[in-house]
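This report describes a single protein model for a reader who has not seen it before. Please look over the sequence and the structure first, then read on.

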Amino acid sequence: MNTVEPDVADVLLIGGGIMSATLGAMLSVLEPEWRIMLIERASDIATESSGPWNNAGTGHSGYCELNYMPDPADGAAATEIAKQFQLSRRWWAHLVEQGLLDPATFVHGTPHMDVVFGDHDVAYLRRRFETLSADPLFAELEFSDDPTTIARWAPLVMAGRGSEQPVAATRHPGGTDVDFGALTRGLTRILASNGGEIRLNHDVRRLAQEPDGTWLVSGRRTDSRNRFQFRARHVFVGAGGFALHLLQRAHLPEVRGYGVLPVGAAFLRCSRPDVVAQHDAKVYGQAAIGAPPMSVPHLDKRVVDGEGYLMFGPYATFSTKLLKGGRLTDFFTTLRWHNLHVLAAAAAQSLPLVRYLICELLTPRSGKIKQLQRYYPGADPQDWELVPAGQRAQLVTPDAERIGALRSGTELVTSADGTIAGLLGASPGASTAVPIMLDLLQRCFPEQWTTSWQEQMNGALHDRDTAPALGL
């Protein structure tokens, strides 16, 4: 059998999404002499969750995400998300100021709003506003229960709506719409311009640590079936829903007992210019009981490739794929004897979620339009098309009390020796990519961090007004 001579890299990034691109751009700026390689299974980068139609494009900042504050008196989670997104914005602004990114291609100012109905939710939103408005990070947050004011903020939401139901809204003018696909491409250009390499159509099948601590990563090309091998001192697995499978292949003890549950989504999309022109906000509402965090309904202004759109959703879909371009066997490849009971326990504790997913799957198009018309009463069904979005892998982890627990958000997993790391979980990962990667730098490269990187990153991320640099 023919052997393939390994291609050698200092750092190998597996997956062509926002996470690998963020880490790759950082490392190429910090260590331009290192050989950094990014490999992707698909024929292009940003085809999965980072693609603009595979996410809502919300720059998650805690302004409108009600699921971060089930208790309206506790704003800790929203504050933490706001801090993390501000860090991401500072890094993007630094790259813009260095002439490395064009903000017009990926970020646009878009107010973030909440609109709720009924006495209970109005009282909740008022209390949430009182909590957050005391925090300097949310100083610009506005509240109103006046239908006329809300109609000025979001005309489509209020037009044709009766006055018998109480309504309230919050609005933050500093929100953003982010095209994470365009940002990913911009970051990979930085990597390539500093000597990094991008290899597409590379499907990783095996990861093994050699006696000298390096990693041998091998697989087959999807366009030719030829084999490939890489040898790297450090490996990052940023493969979205497929990351757990690859970390299991690497026999990483830190993911023992971990599991994932696949959750897909679809959106209704409108491209009619006269309709799009009437809505300039991301309007979030309350999630249905039992719905996963990513299923909070929202009516969004989107800008993709310079064109404006409206998007509403998400609607849950189901597939055993862990990637949009994956295989139906993906989920089953993550099953191990040590995570079966963890997954079973998490599923048993999530029966409302199961019922929600079943109801969503059985809802016809007419039912989806009715959900849209709750937020946009005048919506014409002919103006909206249903488009598939990305696949997510909700993380399930061992839990001392519950055996298994379904986790929201993302989790960075690193090996004990710091030579391999991976990111598991889902939203709001893209918005918090920069703080996640800063954490990775400190955990996997402690010597470089303390001797030089920390000072460089502190200079780049020093408090600054990011709005001018990002064109907001």
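## Strands, helices and cavities

Val 396 has Leu 406 in β17 as its bridge partner. The model is a predicted one. A second bridge to β17 joins Asp 399 with Ile 403. Strands β16 and β17 are antiparallel and pair over five bridges. Three residues lie between β16 and β17, and the two strands form a hairpin.

Strand β16 also pairs with β12. Here β12 (residues 259-270) and β16 (residues 385-399) run in the antiparallel sense, with ten bridges between them. Val 260 is bridged to Leu 395 in β16, and Arg 269 is bridged to Glu 385, also in β16. Eleven of the 15 residues of β16 are buried, so this strand is largely enclosed by the rest of the structure.

Nine strands make up an open sheet with mixed pairing, and their order is β5-β6-β4-β13-β14-β15-β12-β16-β17. The edges are held by β5 (142-144) and β17 (403-407); each has a single partner strand, so one side of each is left without a neighbour in the sheet. On average, neighbouring strands of this sheet are turned by 30 degrees against each other, direction ignored. In general, strands of a sheet pair through backbone hydrogen bonds, and the pairing is either parallel or antiparallel.

Helix α3 (residues 119-132) lies across β4 (112-117), β5 and β6 (167-172), and runs at about 30 degrees to β6. Helix α11 (residues 365-375) packs on the sheet, where it touches β4, β12, β14 (298-304), β15 (307-317) and β16. The direction of α11 makes about 120 degrees with that of β15.

Another contact is between two helices. The axes of α12 and helix α13 (residues 446-460) cross at roughly 145 degrees and come within 8 Å. On the α12 side the contact involves Leu 438, Leu 441, Gln 442, Arg 443 and Cys 444, which meet Pro 446, Trp 449, Trp 453 and Met 457 in α13. By class, the residues of this contact are seven nonpolar, one polar and one charged.

The table lists their volumes.

| Cavity | Volume |
|---|---|
| Largest cavity | about 60 Å³ |
| Second largest cavity | about 30 Å³ |

The largest cavity is lined by Val 11, Leu 23, His 234, Val 235, Phe 236, Gly 418, Thr 419, Ile 420, Ala 421, Leu 440, Cys 444 and Phe 445. The elements that give two or more residues to this lining are β11 (227-237), β19 (420-425) and α12 (433-444). The largest share, three residues, comes from β11. By class, the lining of the largest cavity has nine nonpolar, three polar and no charged residues. Cys 444 is part of this lining, and Cys 444 is also among the residues of α12 that meet α13.

The second largest cavity is lined by Gly 240, Gly 241, Ala 243, Leu 244, Val 260, Ala 393, Leu 424 and Gly 425. Two or more residues of this lining come from each of α7 (243-249) and β19. The lining residues of the second largest cavity divide into five nonpolar, three polar and no charged. Val 260 belongs to this lining, and Val 260 is also the bridge partner of Leu 395 in β16.

Thr 58 is in the loop between β2 (36-39) and α2 (76-97). Is Thr 58 buried or exposed? Thr 58 has 2% relative accessibility, so it counts as buried. Leaving aside neighbours within four places in sequence, Thr 58 is in contact with Glu 65, His 112, Thr 176, Phe 180, Lys 282, Tyr 284, Asp 300 and Ser 431.

Technical notes
Residues numbered from 1 in each chain as written. Predicted model: local features only at pLDDT ≥ 70, side-chain atom pairs only at ≥ 80, totals over all residues. Heavy atoms only, no water. Pairing = 2+ DSSP bridges. Helix = DSSP H or I, 4+ residues; strand = E, 2+ residues; numbered from the N terminus. Axes fitted to C-alpha atoms, helices over the stretch in contact; angles between N-to-C directions. Contact = heavy atoms within 4.5 Å. 1 Å grid on protein atoms, 1.4 Å probe; cavity = no way out; pocket = protein on both sides within 12 Å on 5 of 7 lines; lining within 4 Å. Points joined across faces, edges and corners; volume = space filled by probe spheres on them. Nonpolar A, V, L, I, M, F, W, Y, C, P; charged D, E, K, R; others polar. Buried < 20%, exposed > 50% of the residue type's maximum accessible area, 1.4 Å probe, protein only.
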